[in-house]
Structure formats: structure tokens, C-alpha cells
Amino acid sequence: MNENKYYITTPIYYPSGKFHIGTAYTTVLAHTIKKYRQMKGFDAYMLTGLDEHGQKIQEVAEKEGKTPQQHVDDMANMAKELWAKMKIEYDDFIRTTESRHTKVVQQIFQKFVDNGDIYKGEYEGWYCTPCETYFTPTQLVDGKCPDCGREVKKMKEEAYFFNMKKYQDRLIKFYEENPDFIDPVYRKNEIFNSFIKPGVEDLCVTRTSFDWGIKILNDDKHVIYVWLDALTNYITALGYMSEDETKFNKYWPADVQIVGKDIIRFHAIYWPIFLMALDLPLPKKLLVHGWVLMKDGKMSKSKGNVIYPETLINKYGLDATKYFLLKILNDGRDGVFTPEDFVELYNSDLCNDLGNLLNRTIGMINKYFGGTIPNKPEKLTDIDKEFENTINNSISNYEKEMDESHVCNALSEIWNIISKSNKYIDATMPWALFKEEKTQELEDVMYHLVEALRKVAILLKPIMEETSNKIFEQLSINNNDYNNWENINNYPQYNGIKVTEKGEPLFIRLDVEQEVEYLKEIIKGK
Ligand code: MSP
């Protein structure tokens, strides 16, 4: 097996409407993890795509007066344009209507039938149309859909079932042997105690009530129900069961599969069981995140509380948008988007903390040393030693967090370096050293500030690449050996490198009232 590979997946999104910032979050997270792994020398491979079948898609297309295929084609273009705008470097974009997927799903289905994993029966249950999911009476919450809270209706149809119960013991054993499979672990406990321990239910895997789906080979009034169709994308995209399985052999099993908390059940129960039935290894980690919520709950067009990534990117830039999203969701929990918080975080973290640190440092090096970065000091003061230790600690914590794909915590480590650097300026008072002509000490302080910023720029690389590049450019240490991970812990000699004469601000301070008002109007759809 290739130990150096790293396979990351996002869920495949329903192409039912324009993507909001919640969908963008998952993809940004996956992209960040990919870039980090690449920086660490991995052959990282990121998959995303669209889940194009199902009743809901058929209904949306009808409303638009399009065929389902026209509708999903348009949505695929929309998705790809958005990811291009967000500079998401995915390696493959799978669409479940592509023949490379549909053909293999039919074969997988047949294999399950041949092996006795799938049987024919009759299904009766409570069906949630928007979620395309049947529920047992005990799963309903106040008689409504446990996932979206909407009305459910009782339905009955001839259907094929996957014999999940057959795999119950193996699944329990898997969780006992791999207690860290689901991250965060409390999400595992929820799913384990509510759905796995009480006994898994057989899963209905076909429908006759709509026809926008993959037909099964020998009984074509049945289409394959979306979850079997959808989950298998992670392996069909790699060429599983195709003529060329090179990618599959190289990248499977996935190293991290990212899912929102609403689809954990499908990925924590059905997906591992499908893989067991195919005799394939299971993914190494399921990373579960919460939702981006608005003040009044979930985003929805009907509520008029949706915010789209383009709005934020066009006005405030890609990196500010990514920073906010990655910052507000942590440890599998929900985060809330409010105009006030967005503007506040922009002004405080990006403008004040990071932007000013760079600006002040560039300004002082120009003023005190004509722009030349001073040489590495021979001796360290106690303040310097402490400063270096703090930075080294944060770098090692960042690495630990990023190795676990905990990007929000990794961001906190970067901002710890930034905040300590600003405090270092206050403590060393370079303006006083200049006045007192303590040139050696002054050089020493400037050198350490450049070093802190260089390290910050490396740490930011996988997360906010534009900002990272701007920092390197202003310090004139772009395109040399010092902007890569290998040299992050070094304290190099700069040999007379000159910083830019006048640094452009990384982020321009926002007028709080004006921008909050602007965002509020946008959210209302005005
Ligand atoms: N098509 C299925 C997934 C199949 S994966 C084999 C699906 N699609 S979805 O478009 O409804 O959701 C895709 C992902 O987006 C899910 O992980 C979901 O949690 C995430 N999000 C949808 N709304 C979200 C927020 N408001 N915030 C964060 N993530 C959100 O489910």
C-alpha cells in the first residue's frame, strides 16, 4: 500500500439549488486538509461531486420546466464555477448520472443480490420527501422528520432491502476496535447508542415511486434508492470495478471522509456495511461537522435567511470568507453566521491582529534599517527565548491539530503566534530602542518579527493561500527556500534581503455599521 497517499472526500451535494455558505464550508475544509497534506509531502487526492438522482431533483427540474438531466447539467456548471471562484483544487468531480458511476452501481447491486445481501420485500414506513428517507415510527420526532423537522407521510411499496442485520456484529466489533473512527467521539457515542447498539434496521435500497435514478439490472421498474447510489461514489470515482482500477488500488481506503452531522448515520452504519459486504477496507476516519446556522436557525430560501459564498467573496475576499467559516465551526458543533460577528472577526482578527502586525513590521524595518531585514542575532534575550518557545509550541500544536484535520484549532494556534508577536512589540518597544540607539537590540527585535511572520505565512498556506502569498511578497521571501514546511523551524540568515518599501494592507478596515447593514439586506434577499 502507498503510505504516502491521502484520500479526502466531501459528501456529494444535492443539486437542488444554489450552494450556500454551509455547502461551501465542507468543501473549503476538504480543500484545506488536502493543501496541508500536500505541504507535508503527501500525494493528496480530493474528491467532490453531485448526488444527482432522486425524487427531489426530479421535482425541482419539473418546476423549472427542465428535464432532470438538463437541470443537473446546469447545476454541475454552477458548482464547478463556484469551486473555481473559491480556488478549490479538487482532483475529481463525480456526478452520479455519469456512466462510470451508474454502470458500477448496477454491478454492485447485482453482487449484493448474488451474495444474498439484498432481498425483495415490501416497504411500509414514514417517508420524508425532502430528505428522501423512510423512518420507523420510533425514529420520528414529534411525528415529524428527525432530520429536517418537516411533515412525513405513510407509504408502502414493493422494494428491495439490504440485510443490514447480517452485519450488525461485525459493525459493533469494528467500532470497538476503532473507537476513534468517528471524530469527534461524542458524535460516535450518539450514533452508537441510538442506532447501532439497539440493532440496525435493514435498509430499503430501491424505489418504484419515481424513476429518476439508476435502474436495477433485472427488474427495471425499480430504481436504486439514493443512498446506495450516493455512498458508492467514493469508490466508483476511483474506478472500482472498472477496467482501470489503478486509482482505486492507490487511494482506497479514504483517509478522511467529511460529512455534516445530518448524514452521519448513512456514513457510520450503511457505508461501512456496504464496504464489508464488498469485502473492502473501511475508511480511516469520518470527520463530522456541525451546521452553519443563521440567527433564526437553518438557512432556507423560504425563510429568507440565506447567505451565499459569492456575496462574501465579492465584497470581502476569499480568504476572509474562508477564515470566518473555518473559525465558527469547531468540534462537530454548529456555528452561527451573523453580520455583526463577520464584521467583528474581520476587523479584529484580520485587520488589527494580522494586518497591523505585518504593516507595523514592514514600516519599522523601512524606517529603522532602510528596508533591510537584519541578520540573525548571536545572543538571545530572555524575552526572545520566551517568544521563540511560544512560536515553536504553537507550530507543534498546529501540526498536531492539522494532522487530526482540526482546522479551527490550528487557526487558533496561528493567531496565538500573531497575538504574541503584537505583545512582543509592546514589550520590546522598538521605538524606544531606536531613540536610545540600541541598534543591536533593535535588529534583534525586527529579525524576530520577520521570523514570526514568515512562520505565520507558512502555517496559513493551506488555509488562506492568498494572504500567505501576500505576506511572503511583502517580506520579499517569496520563491525561496524559506517559504516551505521543511524550513518552518529554522531561524535562517536573510543576507540583506529587503522588504517591500510600502506594504499594502492585507485587509482594509470595515465600517461596522455600514457593512452590518449591507449584510443584513443581502440576507433578506434585497
Ligand atoms: N447528497 C447527500 C450526501 C450524499 S454523500 C454520499 C446530501 N446532500 S446535501 O446537499 O443535502 O448535503 C451535503 C452536505 O452539506 C452535508 O454534509 C450537509 O451536512 C452539508 N450541509 C448542508 N447544509 C449545511 C449547513 N448549513 N452547514 C454546514 N453544512 C451543511 O446530504
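Visitor: Is T236 buried or exposed?

Guide: This is a predicted model, and every value here is computed from it. A residue counts as buried when its relative accessible area is under 20%. T236 has a relative accessible area of 2%, so T236 is buried. T236 sits in helix α8, which spans residues 233–236.

Visitor: Which residues does T236 touch, not counting residues up to four places away in sequence?

Guide: T236 touches I94, R100, H101, V104 and V105.

Visitor: What is the relative accessible area of T32?

Guide: For T32 the value is 0%, so T32 is buried. T32 belongs to helix α1, residues 21–39. Setting aside residues up to four places away in sequence, T32 touches L326, M402, V407, P462 and I463.

Visitor: Which residues of α5 are buried?

Guide: In α5 the buried residues are Q168, L171, I172, F174 and Y175. Seen down the axis, they fall within an arc of 155°, so they line one face of the helix. On the other side of α5, D169, E176 and E177 are exposed. The buried residues of α5 have a cover that includes β7, α6 and α10.

Visitor: How is F195 classed by its accessibility?

Guide: Partly exposed is the class between the buried cut-off of 20% and the exposed cut-off of 50%. F195 has 25% relative accessibility, so F195 counts as partly exposed. F195 is in helix α6. Apart from neighbours within four places in sequence, F195 is in contact with Q139, V200, R265 and I269.

Visitor: How many Å separate the C-alpha atoms of F195 and N495?

Guide: The separation is 63 Å, for two residues 300 places apart along the chain.

Visitor: What should I note about the backbone at N495?

Guide: N495 is not a glycine, yet its phi is positive, at about 50°. N495 lies in the loop between α18 (465–475) and α19 (512–523). With a relative accessible area of 63%, N495 is exposed.

Visitor: What is the phi of K87?

Guide: Phi of K87 is near 55°, again a positive value in a residue other than glycine. K87 is in the loop between α3 (68–85) and β3 (92–95). Its relative accessible area is 48%, so K87 is partly exposed.

Visitor: Which residues does a cis peptide bond join?

Guide: Omega is the angle to read here. A cis peptide bond joins D183 and P184, with omega about 0°. P184 lies in the loop between β7 and α6. The bond from W252 to P253 is also cis, with omega near 5°. P253 is in the loop between α9 (246–251) and β11 (256–260).

Visitor: Let us step back to the chain. How many helices and strands are there?

Guide: The chain has 19 helices and 14 strands. Its radius of gyration is 26 Å, close to the 24 Å that the globule rule gives for 526 residues, so the chain is as compact as a globular protein of that length. Along the principal axes, the C-alpha atoms fill a box of roughly 90 × 55 × 40 Å.

Visitor: What percentage of the residues in the chain is buried?

Guide: Of the 526 residues, 58% are buried. The accessible surface comes to about 22100 Å², and 47% of that belongs to carbon and sulfur atoms.

Visitor: How do I read the contacts of the whole chain?

Guide: Look at how far apart the partners are in sequence. Among contacts between residues at least 6 apart, 78% join residues at least 24 apart.

Visitor: And how far apart are the mean positions of the positive and negative charges?

Guide: The chain has 66 positive and 81 negative charges, and their mean positions are 2 Å apart.

Conventions: Residues are numbered from 1 along each chain as its sequence is written. This is a predicted model: local features need pLDDT of at least 70, side-chain atom pairs count only at pLDDT 80 or more; totals for chains, interfaces and linings use all residues. Side-chain values use heavy atoms; hydrogens and water are left out. Helices (H or I, at least four residues) and strands (E, at least two) are DSSP runs, numbered from the N terminus. Buried means under 20% relative accessible area, exposed over 50%, partly exposed in between (1.4 Å probe, protein chains only). Contact means heavy atoms within 4.5 Å. The radius of gyration is taken over C-alpha atoms; the globule rule is 2.2 Å times the number of residues to the power 0.38. Accessible areas come from the Shrake-Rupley method with a 1.4 Å probe; for residues, only the protein chains shown count as cover. Lys and Arg count as positive and Asp and Glu as negative; His and the chain ends are not counted. The place of a charge is taken as NZ of Lys, CZ of Arg, CG of Asp or CD of Glu. The arc is that of the directions from the helix axis to the C-beta atoms.
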